[in-house]
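Hi! Here are my notes from going through this one. Have the viewer open while you read.

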Amino acid sequence: MQGGDLIIDDLVIRGLGPVRLTVPAGTCVGVSGPSGIGKSSLLRAVADMEPHDGRVCLGATDRDALCASEWRRMVGLLPSESAWWADGVAQHFLTPEAVCPEALGLREEVLTWPVKRLSSGERQRLSLLRLLDRRPRALLLDEPTANLDGESTRRVESLILDYAQTHRAPVIWVGHSVDQLNRVAQRVVSFDADGVLREAGGEVCR
Ligand SMILES: Nc1ncnc2c1ncn2[C@@H]1O[C@H](COP(=O)(O)OP(=O)(O)OP(=O)(O)O)[C@@H](O)[C@H]1O
């Protein structure tokens, strides 16, 4: 499966949109906007987890050419609240031996812990490591540092940007901190109160 630019064309989700956005390979677009406007819905629609109209491509691959499970392996969604389906942390990783929890300020032995012992910040960082362990070709990140302190936030930002550059992955980063989005993203766009996606200068995204 190939990666490349992420192209969102005329995406409409329950009246939100049409959204047009291109995220070049290896770059990050920050998306902000009022609570409840539809930022998470946009990410879920791109991941084909929410009903919508419109077209999404990753490089030369049109999402409609793949079955949902293939597409979701290519396009890695980090939801704001992670789901855990087994008792132990390590069971959620494909290659637990290759994972480096210390990079995110986590204890080395965290993979031996039961999920129920994890704090919300530990869950958030482990859900990111779990996602990257599957080597997605694009990243859809829903407030990936919402539960973290400053030091952990910087570590997460750095890991994500390293991954994007190394793997030439396009990244959509949804967040509420415009300072953070300006730090991590080459381009920051925002939904207005009417659900129209606009550039920082106010023009409608095309
Ligand atoms: N499955 C669904 N069916 C109908 N409406 C939904 C569904 N999921 C979400 N919504 C509604 O869509 C709107 C957008 O929700 P969404 O979670 O995308 O907002 P958001 O911009 O990410 O908000 P926040 O910043 O608070 O996380 C909300 O009004 C929500 O209630």
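The points below cover a helix, a ligand shell and a sheet.

1. A word on the ground rules. This is a predicted model, where local features need pLDDT of at least 70, side-chain atom pairs count only at pLDDT 80 or more, and totals for chains, interfaces and linings use all residues. Residue numbers start from 1 along each chain as its sequence is written.

2. Start with helix H4, residues 150–167. Helices here are DSSP runs of H or I with at least four residues, strands are runs of E with at least two, and both are numbered from the N terminus. H4 has 18 residues and spans 26 Å from first to last C-alpha, close to the 26 Å expected at 1.5 Å a residue (1.5 Å times one less than the number of residues).

3. Which residues of H4 are buried? They are Val 156, Ile 160 and Ala 164; buried means 20 or more other C-beta atoms within 10 Å of the residue's own, exposed means 12 or fewer, with C-beta atoms placed from the backbone. Down the axis of H4, the buried residues fall within an arc of 65°, so they line one face (the arc is taken over directions from the helix axis to the C-beta atoms). The face turned away carries exposed Gly 150, Glu 151, Asp 162 and Thr 166.

4. Now the ligand. Among the residues around it are Arg 14, Lys 39 and Ile 37 (C-beta atom, placed from the backbone, within 6 Å).

5. Last, four strands form an open antiparallel sheet, ordered S2-S1-S4-S5 (pairing takes at least two DSSP bridges). Its edge strands are S2 (16–23) and S5 (61–62).
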